[in-house]
Amino acid sequence: MHAVEASGLVKHYGETRALDGLDLQVPKGSVLGLLGPNGAGKTTVVRVLTTLLRPDSGTAFIDGVDVLQNPQEVRARIGLTGQYAAVEERMTGRENLELIGRFLRLNSQARKARAEELLERFDLVEAADRVAKNYSGGMRRRLDIAMSLIANPAVLFLDEPTTGLDPRSRIGMWEVIEELGADGTTVVLTTQYLEEADRLADSIVVIDRGIKIAEGSVDELKDTIGGDRIRVSIAKPENIEAARQALAPLVIGDIDLDPDSTTTLSAPIRAGGGVVPRAIRALDDCGADVVDVEVRRPTLDDVFLSLTGRRAADEEAVSA
Amino acid sequence: MNNTAMAPQRTGKTTIADAWRDASTEATRHLRIIPRNPELLGFSLVQPIMFVLLFVYVFGGAIQIPGFASYNQFLIPGIFAQTLVFGSSFTAVGLAEDLSKGLVDRLRSLPIARSAVLVGRTFSDLARNAITFLVMLAVAFLVGFRFEGSLVAALGGTVLMLAFSYSFSWIQAWIGLSVGSVEAANAASFIWMFPITFLSSAFVDPSTMPDWLEPIANHNPFTRLANAARALYNGFDPGANLWWSIGWIIGITVVFSTLAIRKFSRAAS
């Protein structure tokens, strides 16, 4: 039994197809990265799976419980951290945690113990008795996740948990999520940051326009677009043809001239073949002055580009 | 990290008793933070005090109402009623705020009663209104207002006004969940209450209004409330106004709590 099992989820808003027949399986204890650009349907899936939104059709089970038939039982099995840090700003971190504990019917002793434990785990002990209004963005998110964990949920949903955080807080949040994954918590993580999915997720589902367009491990996805590439820059444009001929025997596909350059070539290579030193030697031999050589694993951004023909996050493309 | 020891963990079953406990947990959240937002508390008290003083000193000398020793005795119950009804707008604004911050989603994803958030919110706003009332009453006494009837009748009038504003809290809950933002909730919760409270018998006798307006004022539920409360504070028989008021309170509460809870179950942030 999977922790999350959804099939054929459809949700239309008028003409907009937020979900258009989405299937999703998340094995127990794994971290699934749900990846896609803004408006791809990521948040809609999370809202359906967390009982906040009824789909037009399709089925979904959390920990074996039917989301549509038995939402209240599903709610007892999930934790949700949405796009906003949903904390009561005028209460302290500790009070926020105890509030959720009270809703979940922990007795006063268990409530206090659980709050203390989570404050420690999320590095909030010092701030525990300050009102959340004065917390930094990163602290709020950590409190938010801690609140989602009070009930020991079978599945934790994190909807864009690092959106709007500064780089340092983002890395702190990654460490938190990595620890959750290591503890065996099942996590469904949505993000538009490819680097984030790359770092945190055991497996990735790429969605676009409400359907799944690819799935697999990070490496599997990268392999689908052809593995490593070598990229060389030489000093003078007039040597470019000679360089091309020098490289030809070392690579496994077409050699492309970079679109906005007259001195940079790139081509796919076989992984781990010591191509770089041989390429440098060959280029030297043909008289082209080498300025730069690099071998690059494709990023998830490349994957998304090749799957959809567009970048995942236009203005904030994150390179690994 | 073993948490099974911390059970009983809540399951999805929700009884009536659970619903009340959830509502009271939610009400506690709001009541706890009232003193932590002193500006809001301050402003919510300044307005009623200002209204009592302005009306008494600005209009008090100019208006005579037959059958009343002073305009104050006529006017002050009306100001009480208006201020308490205005107080219901806290419900709309507070809910819109929770909605915009994602707190409503968090609460909706918990295995708690669907009614809890709204019942808790409306009850805590009722408590807030009771505080407002006590402050207003003190100011009214300072400017010479007196209970002319029995204490029991005065208490009855007070309960009636608080219950009426409670029923309006459900209208406000529905508004707060329907509009898109806190700013919109601010406006949408307030604007319509001006005609409701002024096109009534709260401040003047409707027979002094233009012919076309008088029947509107007479059939306004707020007129029923103002008349009933005024009678109870001044030692008259409230007559049918009392029953009309109770009828409106029940009717509004039933209709709008149904609408609001249904809206809540589907609300999107």
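Modeller: Two residues are in contact when their C-beta atoms, placed from the backbone, lie within 7 Å. This is a predicted model, in which local features need a pLDDT of at least 70 and side-chain atom pairs count only at pLDDT 80 or more, while totals for chains, interfaces and linings use all residues. Residues are numbered from 1 along each chain as its sequence is written, chains are lettered from A and ligands numbered from 1 in the order in which they are written.

Colleague: How many residues of chain B are in contact with chain A, and how many of chain A with chain B?

Modeller: On the side of chain B there are 25 such residues, and they meet 28 residues of chain A. Two elements of chain B each give two or more residues to this side, namely α1 (16–33) and α5 (103–108). Helices (H or I, at least four residues) and strands (E, at least two) are DSSP runs, numbered from the N terminus.

Colleague: Which element gives the largest share of the side of chain B that touches chain A, and how does that side divide by class?

Modeller: The largest share comes from α1(B), with five residues. By class, the side of chain B that touches chain A has seven nonpolar, nine polar and nine charged residues. Here Ala, Val, Leu, Ile, Met, Phe, Trp, Tyr, Cys and Pro count as nonpolar, Asp, Glu, Lys and Arg as charged, and the others, Gly among them, as polar.

Colleague: What is the overall make-up of chain A?

Modeller: Chain A holds eleven helices and 14 strands, and its C-alpha trace spans about 80 × 45 × 35 Å along the principal axes. Of its 320 residues, 45% count as buried (20 or more other C-beta atoms within 10 Å of the residue's own; 12 or fewer is exposed, in between is partly exposed; C-beta atoms are placed from the backbone). Among contacts in chain A between residues at least 6 apart in sequence, 66% join residues at least 24 apart. Chain A is divided into domain 1 (4–87 + 135–223) and domain 2 (228–296), with bounds from an automatic or database domain assignment. The C-alpha centres of these two domains of chain A are 41 Å apart.

Colleague: What describes two packed helices?

Modeller: The description consists of the angle between the axes and the distance between them. Axes are lines fitted to C-alpha atoms, for helices over the stretch in contact, and angles run from 0 to 180 degrees between N-to-C directions. In chain A, α3 (residues 93–103) and α5 (residues 137–149) pack at about 25°, with axes 9 Å apart. The two helices α3(A) and α5(A) are therefore roughly parallel (under 35 degrees; over 145 is roughly antiparallel, 65 to 115 roughly perpendicular, the rest oblique).

Colleague: Which residues of α3(A) and α5(A) meet?

Modeller: G93(A), N96(A), L97(A) and I100(A) of α3(A) meet L143(A), A146(A) and M147(A) of α5(A). This contact of α3(A) with α5(A) has five nonpolar, two polar and no charged residues.

Colleague: At what angle do α4 and α8 of chain B pack?

Modeller: In chain B, α4 (residues 89–100) and α8 (residues 182–190) pack at about 165°, with axes 9 Å apart. The helices α4(B) and α8(B) are therefore roughly antiparallel, and their crossing is right-handed. Residues in this contact include A92(B), V93(B) and A96(B) of α4(B), and A185(B), A188(B) and F190(B) of α8(B). By class, the contact of α4(B) with α8(B) has seven nonpolar, four polar and one charged.

Colleague: Is T51(A) buried or exposed?

Modeller: T51(A) counts as buried, because 23 C-beta neighbours lie inside 10 Å. D123(A) has 15 such neighbours inside 10 Å and so counts as partly exposed.

How values were computed: A crossing is left-handed if the near helix is turned anticlockwise from the far one by less than a right angle, and right-handed if clockwise.
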